[in-house]
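Hi everyone, thanks for coming.

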Amino acid sequence: MNFISDSFDFVYYLWELLLPSIGSIIFSIVTAALFGLFFIVIVVLILWKIGFFKRSKTYYNVFVKLYIPYMILVTVYISGMIGAMMEVHDILERKNDQMVSVVYENTVEPMFDTNKEKRIFIENLRAAASDLDNNKDHISVNLITSALLKKGTTARYESKGEKHAAESHGVFSDLDREIHKSIILAIILTKKDNVKITSSGTVTIEEYHSIIDGLKDMDYDKFKKELKIQMGSVLGDFMDERYSSFRFSLILFYLLLMLPIILEFLIYKQVLNKRWEKALKSEEGLTDVKS
């Protein structure tokens with residue numbers, strides 16, 4: 001049972017949420033880019049003062065000056081990207097409920113459109129349960145999720161008014177798993193009001209089979225409400241993880257782009273400059289001898 005068929009569909013859903021706030025995103029990009037520009041200008045002035053852009057050979061000296069526009073362009077670009085990323089993350093945090101509704105309506109809800117869809121889902125839950133180790137007293141939500149995923153339950157997602165079998169890939173497979181886990185948690189919490197359980201929690205084998213047996217008469221309105229609460233937490237965590245990962249990747253990318261400049265300077269100071277100074281002294285020594 002895979003919920004996100006194509007990353008482009010998911011991005012399209014997010015774009016619909018972000019479009020009304022495009023002005024604030026552009027403002028954040030410009031603000032971050034200006035901050036990056038101010039920062040890199042200060043850095044360039046300091047490096048200029050300590051002779052970072054000065055070389056002994058004339059042609060080499062001219063070439064090194066090209067580092068300055070390169071450093072400015074790279075810093076401004078990366079700063080703008082970080083500004084956009086931060087604003088998008090903040091907007092999605094504020095619109096978490098809307099994001100949950102969009103994902104729910106286009107992924108999970110079609111599974112319960114008809115009694116047939118409900119029956120298929122219950123049968124897959126029961127089949128997944130049969131694969132669990134019944135010798136254990138308790139089973140974890142993670143184990144139930146894994147067993148359900150192995151069954152390859154056929155979920156549907158809505159796209160342009162049509163239903164399609166869903167296939168996920170990449171980072172969205174992680175989101176699929178978390179949504180599966182949300183469904184299982186919502187079912188347990190709906191059927192067992194007095195049960196306190198988290199995504200890393202466990203239930204007894206007897207309780208789990210009892211819950212499955214009672215799914216036919218489950219209050220689906222209550223289930224929907226509970227599921228949206230669980231999905232809100234899941235999507236929030238998912239976006240936080242993507243945000244942290246993307247931010248780290250951008251910073252690492254920036255450092256990698258600046259690394260050749262630093263390496264070139266070290267090579268010049270430790271190797272080339274010493275070699276040229278030595279050659280210059282040799283030439284001066286020969287000149288003195290001839291004199």
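When I say helix or strand, I mean DSSP runs numbered from the N terminus: H or I with at least four residues for helices, E with at least two for strands. With that in hand, leucine 34 sits in helix α2.

Before we go further, a word on what you're looking at: it's a predicted model, where local features need pLDDT of at least 70, side-chain atom pairs count only at pLDDT 80 or more, and totals for chains, interfaces and linings use all residues. Residues are numbered from 1 along each chain as its sequence is written, and side-chain values use heavy atoms, with hydrogens and water left out.

Okay, the overall picture. The chain has ten helices and four strands, and along the sequence they run α-α-α-α-α-α-β-α-β-β-α-β-α-α. There are 291 residues, and 41% of them count as buried. Buried here is under 20% relative accessible area, exposed is over 50%, and partly exposed is in between, using a 1.4 Å probe and protein chains only. The accessible surface, from the Shrake-Rupley method with a 1.4 Å probe and, for residues, only the protein chains shown counting as cover, is about 17000 Å² for the chain, and 60% of that belongs to carbon and sulfur atoms.

Now contacts, meaning heavy atoms within 4.5 Å. Take the contacts in the chain with a separation of 6 or more: 80% of them are between residues 24 or more positions apart.

Back to leucine 34. Is leucine 34 buried or exposed? Exposed, with a relative accessible area of 53%. Compare threonine 75, over in helix α4, which is buried at 3% relative accessibility. Leucine 34 and threonine 75 are 41 residues apart in sequence, with 9.9 Å between their C-alphas. Skipping neighbours within four places in sequence, threonine 75 touches Gly36, Phe39, Ile40, Tyr254 and Met258.

Staying in α4, which covers residues 67–94, we also find serine 79. Serine 79 is buried too, at 14%. Its contacts, again leaving out neighbours within four places, are Ala32, Ala33 and Gly36.

Next up, salt bridges: a side-chain nitrogen of Lys or Arg within 4 Å of a carboxyl oxygen of Asp or Glu. How many does a search of the whole structure find? Two. One joins arginine 55 and glutamate 264, at 2.8 Å from N to O. Arginine 55 is in the loop between α2 (22–49) and α3 (58–64), while glutamate 264 is in helix α10 (residues 220–290), so this pair ties together parts 209 residues apart in sequence. Both of those residues are buried.

The other bridge links arginine 94 and glutamate 87, at 4.0 Å, N to O. Here arginine 94 is exposed at 58%, whereas glutamate 87 is buried at 14%.

Last stop, the surface. There's a negative patch made of Asp90, Glu93, Asp174, Asp237, Asp240 and Glu241. Patch residues have over 30% relative accessible area and no salt bridge; like charges are joined within 9 Å, and nonpolar side chains (Val, Leu, Ile, Met, Phe, Trp, Tyr) within 5 Å. Asp and Glu count as negative, Lys and Arg as positive, and His and the chain ends aren't counted. The charge is placed at NZ of Lys, CZ of Arg, CG of Asp or CD of Glu.

Which helix gives the most to this patch? That's α10, with three residues. Aspartate 174 comes from helix α8 (residues 171–191), and is partly exposed at 43%.
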